[in-house]
Amino acid sequence: MNVVRLESGQLLSVVEELTELLTDTVHTGASVGFLAPLDRTAAAAWWTQRAASVAAGQLAVWVAQDEGGRVVGTVSLAFADKPNSRHRAEVVKLMVHRDARGQGLGRTLLDTAERAAAAAGITLLHLDTETDSPAERLYRSAGWTRLGAIPDYAASPAGVLRPTTIYFKQLGATALTC
C-alpha cells in the first residue's frame, strides 16, 4: 500500500475514486455522516467541496492506494481555526474499502494521521465514532482514550439514531500514560 497526502488539485483528480470509497463505506453500514443509499453525485459533490479546505490548510487528506493505484482508504485531519485551539485537530473520515479491510490499513492510515499531526505541532487529537462499531477496537488498540458516549447522536446509514463515542489521544511531550 502507498499512502500519500493530497494537495487540493490531487484531491480533485481522484474524486471519482473517493466517491466509490465513500459510497462503499456507507452502503456497508459505516456511520460517516451520510444516509443510505448515498447518491454518487452527492458523494462526489461532498468530496469536491473538501478541496477548498485542503487548499486553505484547514484539512489534510491522505489516501491509501493499492498496487494498481486504486484508492482503497482515506483519513483526514481537520485543523482547528480558533487561536486557543491550534494545538488540536480532529481525525475525520477514516474509511477503508470493503475489499481492503482486515489487512491493517485502518491502523496504517490512523498512524499516518497521528505522525503528521505530531510533526505539525498538534498535541491533542480527538474523534467520534459510532458506539460498538468495529472502529472502536482500532482506536482502543492504538492507545486512544475513550471519553464517553452521547446517546442518539447521529443516524446510522439506515436512519436509526445511534450513540457515538468520543475518543482523544495526546501526542508528543504532553502525552500522558493512561
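Helices α2 and α3 sit oblique to each other. The model is predicted, so local features need pLDDT of at least 70 and side-chain atom pairs 80 or more, while totals for chains, interfaces and linings use all residues. Numbering starts from 1 along each chain as its sequence is written, and side-chain values use heavy atoms, without hydrogens or water.

**Exercise 1.** Work out how α2 and α3 pack.

*Step 1.* Find the helices, which are DSSP runs of H or I, at least four residues, numbered from the N terminus: α2 covers residues 15–27 and α3 residues 40–55.

*Step 2.* Take the angle, about 120 degrees, and the axis separation, 9 Å. Axes are lines fitted to C-alpha atoms over the stretch in contact, and angles run from 0 to 180 degrees between N-to-C directions.

*Step 3.* Classify it: under 35 degrees is roughly parallel, over 145 roughly antiparallel, 65 to 115 roughly perpendicular and the rest oblique. The pair is therefore oblique.

*Step 4.* List contacts (heavy atoms within 4.5 Å): among them, V15 and L18 of α2, and A43 and W46 of α3.

**Exercise 2.** Describe the aromatic pair of F34 and W46.

*Step 1.* Check the rings: Phe, Tyr and Trp (its six-membered ring) pair if their centres lie within 6.5 Å, and planes under 30 degrees apart are stacked, over 60 edge-to-face, the rest tilted. Here, 5.6 Å and 90 degrees give edge-to-face.

Terms used. Helix = DSSP H or I, 4+ residues; strand = E, 2+ residues; numbered from the N terminus.
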